[in-house]
Amino acid sequence: MMEAQDDVAEEHEPPTLTTLHRERVSLHTLPGLPRERVPLQKSSVCSRSYFMVVMVFFHVYIINVIALLLYVHYNNGPGELGPIANPRSGSSNHNQPPASIPPSPDPESRRTLYLPRIEGIRVGHVQKVSLVPKKVHEMWTLSLKPLLFEIPHFLAEEECDVVVQLAQLKGLTESQVMVPEDQEELTEQLDLSPEEIFNLLDLNQDGRLQLQEILTHSRVRDGIWLTPENLREIYSGLQADPDGDGLLSLEEFKRLSSNAFQRFLQQRGVKKSQLVRNSRHTWLYQGEGAHHVLQALRRRVTHLTRLPSSVVDLSEPLQVVRYEQGGHYHAHHDSGPVYPETACTHTRLAANTSTPFETSCRYITVLFYLNSVEGGGETTFPVADNRTYEEVSLIQNDVDLLDTRKHCDKGNLRVKPTKGTAVFWYNYLSDGKGWVGEQDEYSLHGGCVVTRGIKWIANNWINVDPDYQRQARYQQLVSQQQGSESHGTEGDPGQHNNLHQDL
Ligand SMILES: [Ca+2]
Ligand SMILES: [Ca+2]
């Protein structure tokens with residue numbers, strides 16, 4: 001068997017320089033050798049043509065080898081070992097030139113930022129982490145979809161109290177105003193026809209608008225938490241569904257004005273409990289000059305997430321939220337999906353182009369419980385580790401998994417608020433090359449209604465633009481600004497406070 005393999009190998013072995021040289025010698029410099037020597041005689045029968053054939057094969061072989069080397073060289077980029085051998089390079093394949101075209105200098109290959117991602121291993125896995133001197137914290141994996149961890153005693157009790165007191169000192173404002181009135185602008189700017197709007201709303205593309213499709217949209221757009229019963233009431237009030245089948249056809253949809261629902265709600269009035277969120281909040285700056293507890297908290301978050309401090313330091317300030325008894329936050333995503341025509345709020349100043357859509361790009365959410373709640377107030381992850389994610393199937397007539405006032409107990413995972421505990425999760429998947437990938441839809445979460453007492457929490461969101469170049473430009477711009485400010489007057493400690501957006 002081995003011999004047969006060897007034969008095959010020999011058959012395909014290309015002629016080497018030595019064998020060819022030997023061939024030349026035998027043909028040209030030793031003409032007088034006796035003809036009875038069989039091997040030479042045999043080769044001399046068709047010596048010239050044989051030599052030509054061998055030479056042609058040799059040249060084809062050499063050309064193939066050179067072509068192969070060039071292919072490998074250009075495919076990996078000059079001086080790169082490739083994304084697997086060097087994760088820091090983090091190059092993105094879709095931006096690279098085809099292998100046959102000589103490459104232009106590729107900015108993707110000059111990446112200096114890399115986002116490490118903590119391994120969850122499995123649900124229930126515990127990792128020891130060192131976040132502060134002389135103390136070891138335990139980090140528990142709560143789910144893999146989203147990648148979610150819990151760290152008990154992340155904050156000392158006194159630290160929790162300081163954060164609450166600082167928030168009270170600054171003053172809190174309502175997290176959500178009642179019915180927003182400036183929603184017309186974007187629709188007008190985009191100049192969409194009723195057919196186009198209908199098509200956008202028709203998530204399952206069956207040519208009719210189900211109650212769930214209208215609810216999903218109105219909750220995001222208007223911030224009013226309508227239930228299927230509310231919507232049926234609105235339909236009958238507006239006579240929107242004359243055939244009474246509970247669905248809106250394109251014809252029925254066209255007869256409604258674009259702000260019909262909003263006007264109806266404004267006339268009818270909306271209670272606080274009908275809003276998407278019912279809480280008060282404030283923002284606390286954590287940079288230089290801030291209270292030492294706030295600065296320490298940011299450093300601890302940097303250690304916890306293992307992200308570059310340049311990324312963490314330029315993220316949103318700390319958001320502190322207070323829920324009264326009866327307060328809630330229905331299930332939502334902290335960050336939106338990012339399409340090419342979407343800009344991130346935090347990098348929009350550094351972006352060269354204007355885009356019609358803007359979203360908060362929150363790679364990670366770190367949530368701190370600042371008190372132990374007497375009743376309710378759990379953080380729910382309704383679809384954590386679910387096999388599938390389907391937006392429309394979250395809202396059924398009998399169970400609405402997004403509703404944290406009614407159906408918190410139906411979700412897959414709930415975290416009980418315990419003073420000092422932190423939970424954190426990734427709102428985006430990895431792109432597999434050390435950067436942010438697609439939105440993780442399983443990161444859907446909400447705050448269950450507080451049934452007894454008051455609930456205090458704080459959020460640290462780590463902002464990263466899924467577009468590496470935009471993030472890099474943004475960081476460069478800020479560091480240049482900081483550099484010039486340090487030469488002149490002292491920097492404004494509140495300069496990052498406008499980089500957040502409520503979701
Ligand atoms: Ca539909
Ligand atoms: Ca209908």
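Trainee: Two strands pair if DSSP finds at least two bridges between them. So over how many bridges do β1 and β2 pair, going by that definition?

Mentor: This is a predicted model, and in it β1 and β2 (residues 135–143) pair over 5 bridges, in the antiparallel sense.

Trainee: Okay, and which residue in β2 is the bridge partner of Val 132?

Mentor: That's Lys 135.

Trainee: What's the strand order in the open sheet of 9 strands?

Mentor: The order is β1-β2-β3-β15-β11-β20-β7-β6-β4, and the pairing is antiparallel. At the edges you find β1 (126–132) and β4 (173–174), each pairing on one side only.

Trainee: Switching to helices: which strands does α5 lie across?

Mentor: Helix α5 (residues 157–170) lies across β6 (280–284), β7 (318–323) and β20 (455–463). Relative to β6, α5 runs at about 100 degrees.

Trainee: And α12, what angle does that one make to β1?

Mentor: About 140 degrees. Helix α12 (residues 292–305) lies across several strands, among them β1, β11 (362–369) and β15 (422–426).

Trainee: New topic. What's the order in the open sheet of 5 strands?

Mentor: β5-β8-β18-β13-β14, with antiparallel pairing.

Trainee: Why is one side of β5 and of β14 left without a neighbour in the sheet?

Mentor: Because β5 (277–278) and β14 (413–415) stand at the edges and each has a single partner strand.

Conventions
Residues numbered from 1 in each chain as written. Chains lettered and ligands numbered in written order. Predicted model: local features only at pLDDT ≥ 70, side-chain atom pairs only at ≥ 80, totals over all residues. Helix = DSSP H or I, 4+ residues; strand = E, 2+ residues; numbered from the N terminus. Contact = placed C-beta atoms within 7 Å. Axes fitted to C-alpha atoms, helices over the stretch in contact; angles between N-to-C directions.
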